[in-house]
Structure formats: C-alpha cells, structure tokens
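Please load the model in your viewer and keep the selection panel handy. We will go from stop to stop, with something to pick at each one.

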Amino acid sequence: MNQIILHRIYDKSLTPEGIRILIDRLWPRGLKKEDANIDYWFKEVAPSSELRKWFGHKPERFEEFRLKYLQELRNDEEKCQKVDEIFRMLDENNVILLYGAKDNEKNHAVVLKEEILNRCEM
C-alpha cells in the first residue's frame, strides 16, 4: 500500500512523489497559487469554520478537537466523499496532505490521516 504523508505547505523541504492535496479550508496566507505546487484543493474535508475557530490551535484543546473533527469526517456527507476519494487515490499513489498549521503534531491533517488509515483497516 502507498503512504499518506503529512507536509506543511510552507516547508520547502523535498517531499516524496505523490498526489499533493491542500486540505485547508482557507488558502494559505502569503502563498501564491502558482507557487503552491498542488494537484487538488479539498477545502471541503477541512474542519468546519466553527470547529476550526473554537480549536484556535490551542494544544490543550486538541483531544476534544480530534474527537469532534472525527465526528464531522464520519457524519458529513461531503467530507465522507472526500475522505473516500483520498482513500481511492492511495491505490495508485502516495498521497501528500498539505496544511498550513505551524504545529506538526496537533492539527487537522493528523486527524484526517488517522481517519483514512482507519478506513484502510476496514
């Protein structure tokens, strides 16, 4: 099976080959679209605006954010469809989930990867 790779969109380090998907609802500040080097922008799979604002990237809220975002990914039809699409892409390629958050361990990309891997085990 191919890999799901998490990569901060502002990080200029090399990433392995794969399908590059921006998963943020908002376009990353200061980044020109022509410089982004993305294949897809799946803003629909990002946390709801309400959840994103509530979380505010506060580490102490991450576990509750994680549970609420997993619930969104499983219960929102549009989000489910995008997760399924990413899952199908893994059949033929690595998938690189691109995000803008500064915290590499406590962000929505980590939770999305968890949900996709859960589907792999089903």
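## Stop 1: strand E4

Start by selecting Ile-96, which sits in strand E4; strands (E, at least two residues) and helices (H or I, at least four) are DSSP runs, numbered from the N terminus. Before going on, note that this is a predicted model, in which local features need pLDDT of at least 70 and side-chain atom pairs count only at pLDDT 80 or more, while totals for chains, interfaces and linings use all residues. Residues are numbered from 1 along each chain as its sequence is written, and side-chain values use heavy atoms, with hydrogens and water left out.

Is Ile-96 buried or exposed? Ile-96 counts as buried because its relative accessibility is 0%; buried means under 20% relative accessible area, exposed over 50%, and partly exposed in between (1.4 Å probe, protein chains only).

## Stop 2

Move to Asn-107, in the loop between E4 and H4. Asn-107 counts as buried because its relative accessibility is 0%. Show the polar atoms of its side chain: one lies 2.7 Å from the backbone oxygen of Asp-103, and the backbone nitrogen of Ala-109 lies 2.8 Å from a polar side-chain atom of Asn-107. Polar contacts here are pairs of N or O atoms within 3.5 Å; within protein, one must be able to donate a hydrogen and the other to accept it, and residues adjacent in sequence count only if both atoms are side-chain atoms.

Setting aside neighbours within four places in sequence, Asn-107 is in contact (heavy atoms within 4.5 Å) with Phe-62, Phe-65, Tyr-99 and Ala-101.

## Stop 3: helix H3

Next, select residues 77-89, helix H3, whose 13 residues reach 19 Å from first C-alpha to last, close to the 18 Å expected at 1.5 Å a residue. That expected span is 1.5 Å times one less than the number of residues. At the start of H3, a side-chain oxygen of Asp-76 comes to within 3.0 Å of the backbone nitrogen of Glu-78.

Which residues of H3 are buried? They are Lys-79, Cys-80, Lys-82, Val-83, Ile-86 and Met-89. These buried residues pack against strands E2 (19-22), E3 (40-41) and E4 (95-99), and against helices H2 (62-75) and H4 (108-121).

## Stop 4: the end of the tour

Finally, pick Asn-75 in helix H2. Asn-75 counts as exposed because its relative accessibility is 60%.
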